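Hi,

Here is the structure I said I would pass on. Have a look at it first, and then read my notes below.

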Amino acid sequence: MDSTIARGNVLLINSLHSLLSFYSKRRKSITRSCYLIIVYTLFATGSKSKKSKKKKSIENQTTTPWWKSISSLKDIKLLFNNYLENSPTLSLLSQLIHSKNINTLIHFISQISLLFIKAWIALTVAKIDGSLVSSLVSRKFKLFFKYLSFWLLLGIPTTLTNSLLVRSRMLLSYNIRQVLTYNILNDYLPSNGNSTIYQLINSKNPSNISISDPNHRLTSTVEHFANSCAILPSQLLAPVLDILIAGNHLSKSSENSSEGTLLLGLVANLSTFILRFFTPNFSSLNSMRNSLENKFLEFHSNIILNNEEIALAKGHSREIDILDVSYFEYEKFERMSLRRMAIYNFAVTFIFKYTLGAFGIFLCAVPSFTAVYTNGFIQDDDAIAKLSSDFVANRSLLLKASDSLGKLIQSKKNIQNITGYADEIYEFQNILRDINDFAKIESIVDTNTTTGSTNDDALLVGPNVSYGDEITFEHVPLITPNGNVLVKDLSFSIKPGDNLLIIGPNGCGKSSLFRILGGLWDIKDPGKLIVPHSKKDLFYLPQRSYFTYGSLREQIIYPDSYDDYRNKIFELKKNNPNDEIIKDDDYLINLLQKVNLEYLLECDYSDDDSDDDFSSNNNNINTSNLIESPSSCVFMNPCLDKIEKWPDFLSIGEQQRLAMIRLYYHQPKFAVLDECTSSISSDLERECYRIATKDLKITVLSVCHRTTLWNFHSKILKFKRINENNNTFDNNEGAATTIFTNFDPDLRLQRHEELISIDNSLKRSDELSKRLNNLKNMKNSRSGRRPALMYIDDDE
Ligand SMILES: Nc1ncnc2c1ncn2[C@@H]1O[C@H](COP(=O)(O)OP(=O)(O)OP(=O)(O)O)[C@@H](O)[C@H]1O
């Protein structure tokens with residue numbers, strides 16, 4: 001199909017050229033021929049990638065032809081918008097336009113202007129080249145030195161233009177990257193707190209596509225796209241200008257060279273046609289390279305993330321096997337890609353630089369030969385100098401033009417790369433938008449059903465959610481994103497002060513309950529949830545907390561920023577009618593001391609006056625000038641400025657204690673503690689729970705296996721496995737059922753201990769009856785052998 005189009009183009013362009021030559025003045029036909037070469041080359045260059053062609057062919061099968069749907073101007077606009085939406089590249093470019101980033105426009109315009117200046121300089125240099133040869137042939141040495149000084153002086157604007165071009169190209173790329181990164185980040189980590197990343201990675205999105213490499217797309221792909229776009233003006237405009245200038249200059253030098261240019265046009269067309277056989281699909285090569293590169297990087301990141309576990313398990317050889325396989329695949333692909341590129345580069349260089357170059361030289365020579373045979377030609381020094389000058393200028397311009405034609409063809413590679421990168425970025429953006437739009441629809445439904453609430457601060461939104469000073473699950477089914485039913489009907493309700501203990505076998509759905517509470521999983525019908533309205537009323541602490549890069553203070557106040565922290569202190573200092581505790585650096589240090597983590601402080605901190613009572617306020621800050629900005633009036637203790645790689649620096653137990661401080665700092669109404677103290681020593685764990693539940697009055701929903709913590713709970717939710725006949729059993733298969741009751745820890749502990757002692761007695765009685773049987777057997781089978789030996793045999 002492609003070759004038919006190409007052949008059609010060759011015929012069409014050359015017939016057009018002949019027509020134009022016939023009807024117009026022949027001298028202008030050379031320029032026209034150049035225009036046609038450019039048009040054709042651009043047409044050949046702009047062919048679509050396989051992927052988009054495939055997409056289009058699918059669309060064509062299902063939709064009616066576009067022209068049939070147009071009946072008014074509005075339809076054209078609609079069609080254009082539709083086209084914009086379906087074309088990833090155009091859609092990304094329209095994002096750049098809509099961003100109103102003036103710098104992008106400035107650098108784009110400056111690049112175009114510089115390209116025009118560069119082309120003008122190239123033309124001037126070519127003319128001076130010609131004049132230099134002409135003055136040399138006619139032995140006018142004064143003139144020769146004059147042109148030589150011009151040539152030298154032109155070096156200044158040439159180098160200046162080149163360096164400015166590089167600068168403006170880099171700045172353009174930087175601006176494109178900035179706009180796209182900003183747009184993607186806004187959807188990736190939306191300010192309304194939607195769990196977009198979780199849904200993206202767990203393919204819990206409307207399009208059901210999982211993106212495994214969001215980091216790669218956000219960084220590398222966007223960077224490549226920006227670089228490729230920034231280089232495009234130079235790649236397209238510079239060769240076009242070169243070809244136009246060459247054609248124009250040639251047309252001025254003689255009136256008899258149009259047949260030559262017709263031949264040149266034919267050769268150019270034929271060359272592009274031949275080149276198609278050597279041109280690989282750059283877009284698919286690129287996407288393949290990205291996916292292999294990404295796979296290799298992913299394995300590496302995995303090793304870095306789990307370095308300690310791998311080192312202790314001595315898993316190096318297994319890891320190297322995995323890396324080897326991945327690298328081998330990548331290398332194999334690179335070799336194949338290099339082979340194809342070598343063939344392609346050879347074809348481009350040979351066809352455009354040499355074949356077309358030779359034709360160019362031939363074309364330059366045509367005026368010289370034809371001029372000699374025209375009537376009235378006198379072969380004197382001046383005529384020969386003029387012919388030499390024209391030849392040299394035309395030759396240098398045409399060589400440049402043929403080289404430029406090659407570059408123009410090669411820009412196809414860049415355009416295909418751009419479409420490949422654009423596809424990846426656009427798909428990523430679309431999925432992010434789908435996820436956020438879906439959340440927005442739920443939030444709108446929610447706003448319609450509840451009144452007077454701001455949804456940005458809402459803990460959960462959706463038609464099955466209502467708000468109250470409690471956490472209530474009413475007939476909520478626990479279903480994984482894969483559709484596995486963990487619990488058919490989960491119902492319980494806790495009010496402030498009702499600390500809930502959650503127990504059950506592994507994998508039965510204890511943590512999944514919190515995933516629903518945190519908005520990660522949907523609340524399926526007929527489930528209803530009543531939760532506190534505000535996000536700050538519920539805090540989640542997992543077994544392994546997340547620590548960000550930054551100071552010790554930032555670990556404690558996460559997810560608050562420094563500014564939030566300072567503003568809170570500043571506001572309370574200005575206006576504190578309820579006499580609330582001001583949670584400043586001294587307060588944080590006091591918390592660190594309570595969980596025995598004061599040794600993490602940067603400096604020695606001996607606070608003799610430290611008060612164990614949380615209602616007191618260790619305030620040693622000068623509060624005389626409260627009208628100032630928060631940053632100037634809030635005292636920051638340098639002891640909390642220590643910066644470390646916290647997950648590596650702290651043991652798991654220390655991390656869990658630090659996470660507990662985070663909970664104390666935020667002091668929510670409710671807290672989910674999902675085995676978050678499992679690595680803390682028993683005494684300190686009890687102290688941590690005491691501070692949370694007794695001192696700070698936080699209502700906890702905790703999953704914990706230690707009986708020592710039972711005393712802090714007054715309700716219990718027990719998960720039990722059920723089989724097909726709805727009988728409970730304790731192995732790890734099938735759905736679970738739940739029992740929610742009041743919890744009397746003392747009574748339960750007493751029963752628990754009783755149970756253990758009975759269990760031990762039963763085991764002992766089992767052993768005793770087994771021993772008794774053995775002895776009976778021995779007695780029955782005694783046959784003259786020595787009893788001691790028989791005992792040993794039997795025992796074994
Ligand atoms: N994102 C997910 N997609 C699909 N299935 C999941 C997902 N997260 C968890 N599950 C599945 O849900 C089930 C319950 O997991 P959950 O983490 O709630 O168990 P648990 O009761 O907390 O167990 P444990 O006591 O071991 O922590 C498991 O079988 C798990 O494989």
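Starting with the ligand: around it sit N202, T480, P481, N482, L486, N506, G507, C508, G509, K510, S511 and S512.

Two housekeeping points before the rest. This is a predicted model, where local features need pLDDT of at least 70 and side-chain atom pairs count only at pLDDT 80 or more, while totals for chains, interfaces and linings use all residues. Residues are numbered from 1 along each chain as its sequence is written.

Which helix gives the most to the shell around the ligand? That is α16 (residues 510-517), with three residues. Helices (H or I, at least four residues) and strands (E, at least two) are DSSP runs, numbered from the N terminus. Within α16, K510, L513, F514, I516 and L517 are buried, meaning that 20 or more other C-beta atoms lie within 10 Å of the residue's own, with C-beta atoms placed from the backbone (12 or fewer is exposed, in between is partly exposed). Looking down the axis of α16, those buried residues fall within an arc of 155°, so they line one face of the helix; the arc is taken from the directions from the helix axis to the C-beta atoms. After α16 comes G519, with a positive phi near 80°.

Now the strands. In β10 (residues 699-703), five of the five residues are buried.

β10 has parallel partners, counted as pairs if DSSP finds at least two bridges:
- β4 (residues 500-503) pairs with β10 over three bridges, and L500 stands opposite L701.
- β9 (residues 670-674) pairs with β10 over five bridges, with D674 bridging to V703.

Finally, for the protein overall, there are 25 helices and 13 strands, and 30% of the 796 residues count as buried.

Key
Near = placed C-beta within 6 Å.
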